[in-house]
Amino acid sequence: MSAQKKQDSGRKPLPVELHMQQELDRLRQMQRYRSIPEIGERQGVYITIGGSRLLNLSSNDYLGIGADRELCASWMETLAGCGGLDGQVTMSSTSSRLLTGNHKVMDGLESVIAEAYGCEAALVFNSGYHANTGLLPALATRHDLILSDKLNHASIIDGLRISDAEFRRYQHGDCDHLEQLLCDAAGRYRQVFIVTESVFSMDGDLADLRRLVELKRKYDAMLIVDEAHGVGVFGEHGLGLGEELGVLEEIDILVGTFGKAMASVGAYAVMRGLYREYLVNTMRTLIFTTALPPMVLAWSRMTFLRQLEMRKERGHLRKLAAKLRTALREADFEVPGESQIVPVVLGEDRTAVAVAAALHEMGFYVLPVRPPTVPENSARLRFSLRADLDAGQIGDLVGAMKSLRA
Ligand SMILES: Cc1ncc(COP(=O)(O)O)c(C=O)c1O
C-alpha cells in the first residue's frame, strides 16, 4: 500500500493481533465466520462430515469423474504399467516452464486442447485463479479499458485490480449497460476488453454470449470468457457454453478449468498463436511459478479426452437440474439461473446458515453462501449438481426443502 493511503486513514490503527481478533469476532457476530470443514470418507455422491454420511451437493465434480473409483484405479495401473508414460510422468515439474519445468506431457495436453477447440494454441496454468489474475494484467495496459460483468468471480476481480488498465463493471448480464459503456469509451482507449463468466458460479445463470459477440464485433473489443463452470456441462463435446451457442470462434480468449468437471487441478486458455507467444513472455502467473506436476497433467489429459465423449452424463445432469429448479420454484423458493448450479436465495445470512444446518441434519451437504461472496441480503444455498446423482435423490432433496418451508 502506498504511503499516501497509510496517511489517509487518520486514526491510529490497532496493533495487528488485536485487529485480527476483533475482525474474527465481527465475522462470528455477523454469521460470516468461515472455517475449513473436517472431511472424512468420500464414497461416490456421499461424503462423511462430523461422523455423518451426507449427500454431497457442494462439489464441482459435475460429471462424477472424480468419484469414479474404478476409473482412478485403472488410471493408476496404466501409469505403473508403462513406467510412468515413458518416464515423463514425474511427481514434480521442479521449476517454472521457462526454466526446466516444461514436459512432453504438458505439450501433449496443450495440443489436445487446441485441437479439440479447433484453435491455433492453448496454454496451461496452475489454476483458474492463476489464469484470471495473470491474463488481464498481461494483456491490458494503462492505454486500455476493461469492462467486466458485475458478478464475475473474485479471481477476475483481482486480475482487474492488478492490471494497469482502467476498468468498469457493467450491471450483471445487462448488455444494454455494457453497450452504453462501449459507446462512451469509443475512441478513448487503445483497446477495450470485455470479460465475463459463461455460467455464473453463484447465480447459475448464463451470459448472453451471442449478444456479447455482436457487441465485441460492433465496437472492435476483445472478448475473454471464463468457462470454469461451462466446460464439461455445455456443448456437444463439453467445450462450454461457447460451443453450445456456436460462437467459439468469436471468443478471443476462452478460459477453462481442470478442477471442476475434469476432476483434476489447473486451467487452460485457448487463443491465437500470437497471444500465446505474447503471454509466455509477459504473464507473471505463468512465468514466476513452478509448473504443475506431469503426474497431474497426464490425468488432466485423460479426463479432458474422456469428458469430450460424456454426452449422456451431460444430458442426465441437465435434466436433474431442470427437475430440481422447477420443483423448488413451484414450492415458492427464489431460484435464479438455468444451469447445473441451482441456488436458493434466502436473504439474511442467519437464515441461510440455519437452513443449511437443518439440511445437514436431514442428510444433505450444502453450504450457505454469504456476502462478500454474494451481494448483501442475498445469502443463499447453492446446490451444485453432478451427473452421478439420480432422480430419487433429487426428489428426496425437494421433499426436505419443502418440509423446511412448512
Ligand atoms: C468462475 C471461476 N473462475 C475461476 C475459478 C478459479 O479456478 P481454480 O479453482 O482452478 O483456481 C473459479 C473457482 O471457483 C470460478 O468459479
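**Exercise 1.** In this predicted model, determine in which sense β11 and strand β14 pair, and over how many bridges.

*Solution.* Taking the two strands together, β11 and β14 (residues 379–384) are found to pair in the antiparallel sense, over 6 bridges. Within β14, alanine 379 is the residue that stands opposite glycine 347.

**Exercise 2.** Work out the strand order of the open sheet that contains β11, and explain why β11 and β13 each have a side without a neighbour.

*Solution.* The sheet has 3 strands, arranged in the order β11-β14-β13 with antiparallel pairing. β11 and β13 (368–369) stand at the edges and have a single partner strand each, so one side of each is left without a neighbour in the sheet. Turning to the helix that accompanies these strands, α16 (residues 349–361) lies across β11, β13 and β14, and runs at about 35° to β14.

**Exercise 3.** Describe how the protein chain is divided into domains, and characterise the side of domain 1 that touches domain 2.

*Solution.* Domain 1 comprises 36–63 + 311–405, while domain 2 comprises 74–308. Their centres, taken over C-alpha atoms, are separated by 27 Å, and the contact takes 19 residues from domain 1 and 17 residues from domain 2. On the domain 1 side, α15 (311–330) and β11 (341–347) each supply at least two residues. The residues on that side divide into 9 nonpolar, 5 polar and 5 charged.

**Exercise 4.** Check whether the span of helix α3 agrees with its number of residues, and state how many of its residues are buried.

*Solution.* At 1.5 Å a residue, the 13 residues of α3 (residues 69–81) should span 18 Å, and because the end C-alpha atoms are 18 Å apart, the two values agree. The helix is hardly covered, since the count of buried residues among its 13 residues is 0.

Technical notes: Residues numbered from 1 in each chain as written. Predicted model: local features only at pLDDT ≥ 70, side-chain atom pairs only at ≥ 80, totals over all residues. Helix = DSSP H or I, 4+ residues; strand = E, 2+ residues; numbered from the N terminus. Expected span 1.5 Å × (residues − 1). Buried ≥ 20, exposed ≤ 12 C-beta atoms within 10 Å, placed from the backbone. Domains from an automatic or database assignment. Contact = placed C-beta atoms within 7 Å. Nonpolar A, V, L, I, M, F, W, Y, C, P; charged D, E, K, R; others polar. Pairing = 2+ DSSP bridges. Axes fitted to C-alpha atoms, helices over the stretch in contact; angles between N-to-C directions.
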